[in-house]
Amino acid sequence: MSAWIIVGLQWGDEGKGKIADHIAKDADIVVRYQGGNNAGHTVVVGDKVYKFHLLPSGILQKKQVMLGAGMVINPQGLIQEIETAQKNFDSINAVIDPRAQVIMPYHILLDEVVETKSGVGNIGTTKRGIGPCYADKASRTGIRIEDIIDEKRLEEKLKEILPTKKAILEKVYGVQDTLKLEDLLKEYVEYGKKIKPFMGDVSLLLDNALRNNKKILFEGAQGTFLDNDFGTYPFVTSSHPLAAHALVGVGLGPNVIDKVIGIAKAYTTRVGSGPFITEMNGSLEEELRTKGNEFGTTTGRPRRVGWLDLVQLRTARRLNNVSEIALTKLDVLSGLKEIKICTGYHKGETCLHDLPATIQELGKCEPDYLTLPGFDFNANEIKNYYELPQSARKYVEFIEHELNVPIKLIGIGAERMQLIKKV
Ligand code: IMP
């Protein structure tokens with residue numbers, strides 16, 4: 001291993017945290033390259049449940065962790081996570097790139113009001129201010145980590161930015177906000193003081209690490225179909241979860257990567273609005289939601305649940321050039337008599353094997369299902385791949401065959417140890 005990327009192949013919540021935790025054992029550095037505290041990963045270690053939103057899962061393996069320039073950071077959330085990690089693991093080794101953007105209170109307010117007002121086109125965001133923060137970055141009116149460690153610079157920037165934000169909130173959305181420059185300045189300068197000791201040039205450090213044969217794991221957040229360009233736009237996030245963006249997000253060139261590990265859940269979930277071709281309805285959806293604990297780590301919202309979609313996964317394989325797959329939560333399907341799997345879409349007489357490029361076309365697609373026999377196993381009794389029931393192995397091998405990518409790891413329970421290697 002020198003540089004591996006972990007990327008979600010669906011709409012996020014594929015169980016990346018658990019796989020990252022497993023792979024991080026062999027890594028020296030674990031780095032995040034996009035998104036912010038809209039993400040959430042849960043790792044169960046014995047009777048402890050760890051939830052992080054900003055720090056990569058590698059923190060649990062006591063590895064050096066880094067937050068790259070492509071991220072948007074809520075400093076209050078970051079400081080809380082650092083303090084929690086310090087309490088649980090004595091000391092932590094974290095580096096935060098000064099180029100990363102800072103989520104400000106007006107970003108969160110704007111995210112909330114836009115979501116509340118937009119009605120039909122409602123995206124169902126996490127209301128963490130992610131979209132407005134990335135919008136400011138693109139408009140060059142963002143506040144970066146480097147700005148909050150310099151009081152004078154922060155004051156100058158806020159003097160310029162804040163009146164516009166207040167005017168938009170008040171005049172466009174009718175929100176009487178209480179944001180005051182002095183308060184913001186005081187609060188963010190304090191955050192800056194706490195973050196300053198962790199600041200470092202992630203691009204430079206990773207380049208040096210690679211030259212010294214260190215192993216780097218890039219931990220993607222969200223998932224392929226939440227990508228701002230290639231996801232189900234506009235029902236997407238504002239960053240680029242795709243594997244190729246990992247390099248842009250930390251400041252390295254593309255040729256350093258030797259493996260892309262795609263993470264797919266054994267079925268599909270989505271939180272928030274937008275098309276979902278294989279969505280289930282009724283009692284089965286409810287049953288799988290409960291069994292799989294399909295509630296957002298960040299917002300607690302119930303996730304929409306559906307069958308596995310091979311059209312989506314084929315497209316994700318292409319978009320990320322996936323080398324191998326980790327299939328998670330197979331145990332959640334255990335007990336079902338039959339399992340449906342979407343092998344293609346049809347649009348009238350036309351059959352599609354890849355996701356159409358436009359959301360209009362996607363809206364006209366219907367799923368074509370193949371029904372496979374179900375399986376039943378007790379995860380506590382399974383120690384290796386061959387102990388899985390034959391029909392469970394058939395399900396795994398069918399996916400592998402259809403995607404033409406090896407499945408190397410299979411998740412069979414929430415516990416850290418409930419992960420088997422497929423040989
Ligand atoms: P935002 O990232 O908060 O702007 O939300 C945009 C869309 O991405 C919404 O549908 C969210 O539910 C979804 N989303 C954002 N982060 C995650 C995640 O970590 N897992 C799953 N969905 C997410």
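Strand 1 (residues 3–8) and strand 10 (residues 259–265) pair up in the parallel sense, with five bridges between them. Along this pairing, G8 sits opposite I263 of strand 10. The model looked at here is a predicted one. Strand 10 also has a partner in strand 14 (residues 324–328), again running parallel and again joined through five bridges. In that pairing, A264 faces L327 of strand 14.

As for cover, strand 10 is mostly tucked away: seven of its seven residues are buried. In a regular strand, side chains alternate between the two faces of the sheet. Here, K259, I261, I263 and K265 point one way, while V260, G262 and A264 point the other way. Both sets are buried, the two lysines K259 and K265 included.

Turning to the ligand, 15 residues surround it, and the closest are N38, T126, T237, V271 and R301. By class, this shell is made up of six nonpolar, seven polar and two charged residues. Domain 1 (2–87 + 202–421) and domain 2 (101–197) both contribute residues to the shell, so the ligand lies between the two domains.

Polar side chains come up to the ligand at several points. A polar side-chain atom of T126 is 2.5 Å from a ligand oxygen, and an N or O atom in the side chain of T237 is 2.6 Å from an oxygen atom of the ligand. For N38, the distance between a side-chain N or O atom and a ligand oxygen is 2.9 Å. On its own the ligand has 470 Å² of accessible area, and the protein covers 96% of that.

Key:
Residues are numbered from 1 along each chain as its sequence is written. This is a predicted model: local features need pLDDT of at least 70, side-chain atom pairs count only at pLDDT 80 or more; totals for chains, interfaces and linings use all residues. Side-chain values use heavy atoms; hydrogens and water are left out. A residue is near a molecule or strand if one of its heavy atoms lies within 4 Å of it. A polar contact is a pair of N or O atoms within 3.5 Å; within protein, one must be able to donate a hydrogen and the other to accept it, and residues adjacent in sequence count only if both atoms are side-chain atoms. Accessible areas come from the Shrake-Rupley method with a 1.4 Å probe; for residues, only the protein chains shown count as cover. Ala, Val, Leu, Ile, Met, Phe, Trp, Tyr, Cys and Pro count as nonpolar, Asp, Glu, Lys and Arg as charged, and the others, Gly among them, as polar. Domain bounds come from an automatic or database domain assignment. Buried means under 20% relative accessible area, exposed over 50%, partly exposed in between (1.4 Å probe, protein chains only). Helices (H or I, at least four residues) and strands (E, at least two) are DSSP runs, numbered from the N terminus. Two strands pair if DSSP finds at least two bridges between them.
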